[in-house]
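Q: I have a model open and want to learn how to read it. Where do I start?

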Amino acid sequence: ELDMANGSKAKIRNVFHALYSHAERYEWHDRNPITKVRQSAQRRRDPDILDVSELTGLLTSLPDPFRTMVFVAAGTGLRRGEMIGLKWEDIDFEAALIHPRRSIVSQNVGKLKTTASAKPVALDPYLAHALEDLKANSGFSEPGDWVFASPASGGEKPYWPDMILKRRVRPVALALGITKRIGWHSFRHTYASLLKSSGADVKVVQDSLRHASGRITM
């Protein structure tokens, strides 16, 4: 009955199942009651995906640094926490690679989701140019500075991504006539969809999204 996505509830169920399995192993409990608990991980609704014209409209209409945030999310497939957790030292302009090294959730710096998440991400020349422009005009451009540093915190912390969605991205989307439900994960799904439509096979999409298995990608 938790007001959460089915996938999140399924993960909680699995954690408790593992907990009781350990309890049985050490004879702290005589059975695993979670075995009989069923929880689907299927999505309640298909995620909205932006088409090229909608994505172009957002990139044309948003001011920086919010434009570049959307560009990074839709042009790399980085997860929200990975994107907001980028520092300038993580971007290798010479090798055209982005190295995800941390994830930020509710302003708490943590580890990446999986080992596969640490794989470097290819940096497109157009996106590299946008990032270079952002860096040149940012007051926080040292290697250890956040790429999307918030001026309100004196650069000590990055922007809150959900507030950027609420106050910046979604109002611009509505003004453009885009009525789709847009979240940061929408840009990751859009990235995957654009890769697939360009003819990329599942293995390429899996590597680009840094999924641990092809089953997740499918």
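The dialogue below goes from the overall layout to single contacts.

A: Start with its origin: this is a predicted model. Then look at the whole before the parts.

Q: How many helices and strands are there in the protein?

A: The protein has nine helices and five strands. From the N terminus, the elements run α-α-α-α-β-β-β-β-β-α-α-α-α-α.

Q: What are the dimensions of the box that the C-alpha atoms fill, and what share of the residues counts as buried?

A: Along the principal axes, the C-alpha atoms fill a box of roughly 65 × 35 × 35 Å. The protein has 218 residues, and 40% of them count as buried. Look also at how far apart in sequence the contacting residues are. Among contacts with a separation of 6 or more, 56% join residues 24 or more positions apart.

Q: How do I read a sheet?

A: Strands of a sheet pair through backbone hydrogen bonds, either parallel or antiparallel. Here, three strands form an open sheet in the order β1-β2-β5, and the pairing is antiparallel.

Q: Which strands stand at the edges, and why is one side of each left without a neighbour?

A: The edge strands are β1 (91-92) and β5 (121-122). Each has a single partner strand, so one side of each has no neighbour in the sheet.

Q: How many bridges join β1 and β2?

A: Two bridges join β1 to β2 (residues 97-98), in the antiparallel sense.

Q: Now the helices. How do I find the inward side of one?

A: An α-helix has 3.6 residues a turn, so residues three or four places apart point the same way. Now list the buried residues of helix α2 (residues 52-61): they are E54, L55, G57, L58 and L59.

Q: Which helices do the buried residues of α2 pack against?

A: They pack against α3 (66-76), α6 (161-175) and α7 (184-197).

Q: How do α2 and α7 pack?

A: Read the angle and the distance together. The axes of α2 and α7 are 12 Å apart, at an angle of about 130°. That angle makes α2 oblique to α7. The crossing of α2 past α7 is left-handed. V52, L55 and L58 of α2 make the contact with F187, T190 and L194 of α7. By class, this contact of α2 with α7 has five nonpolar residues, one polar and no charged ones.

Q: At what angle do α3 and α5 cross?

A: The axes of α3 and helix α5 (residues 125-136) cross at roughly 150° and come within 10 Å. Angles over 145 degrees count as roughly antiparallel. α3 and α5 are therefore roughly antiparallel to each other. α3 passes α5 in a left-handed crossing.

Q: Which residues meet between α3 and α5?

A: On the α3 side, they are R67, T68, F71, V72 and T76. On the α5 side, they are Y126, L127, A130, L131 and L134. The contact of α3 with α5 divides into seven nonpolar residues, two polar and one charged.

Q: Last, a single residue. Does N6 count as buried or exposed?

A: Buried means under 20% relative accessible area. N6 has 16% relative accessibility, so N6 counts as buried. N6 lies in helix α1 (residues 6-25).

Q: What is N6 in contact with, leaving aside its neighbours within four places in sequence?

A: N6 is in contact with Q39, S40, A41, Q42 and R44.

Terms used. Residues numbered from 1 in each chain as written. Predicted model: local features only at pLDDT ≥ 70, side-chain atom pairs only at ≥ 80, totals over all residues. Heavy atoms only, no water. Pairing = 2+ DSSP bridges. Helix = DSSP H or I, 4+ residues; strand = E, 2+ residues; numbered from the N terminus. Buried < 20%, exposed > 50% of the residue type's maximum accessible area, 1.4 Å probe, protein only. Contact = heavy atoms within 4.5 Å. Axes fitted to C-alpha atoms, helices over the stretch in contact; angles between N-to-C directions. Parallel < 35°, antiparallel > 145°, perpendicular 65-115°, else oblique. Left-handed = near helix turned anticlockwise from the far one by under 90°. Nonpolar A, V, L, I, M, F, W, Y, C, P; charged D, E, K, R; others polar.
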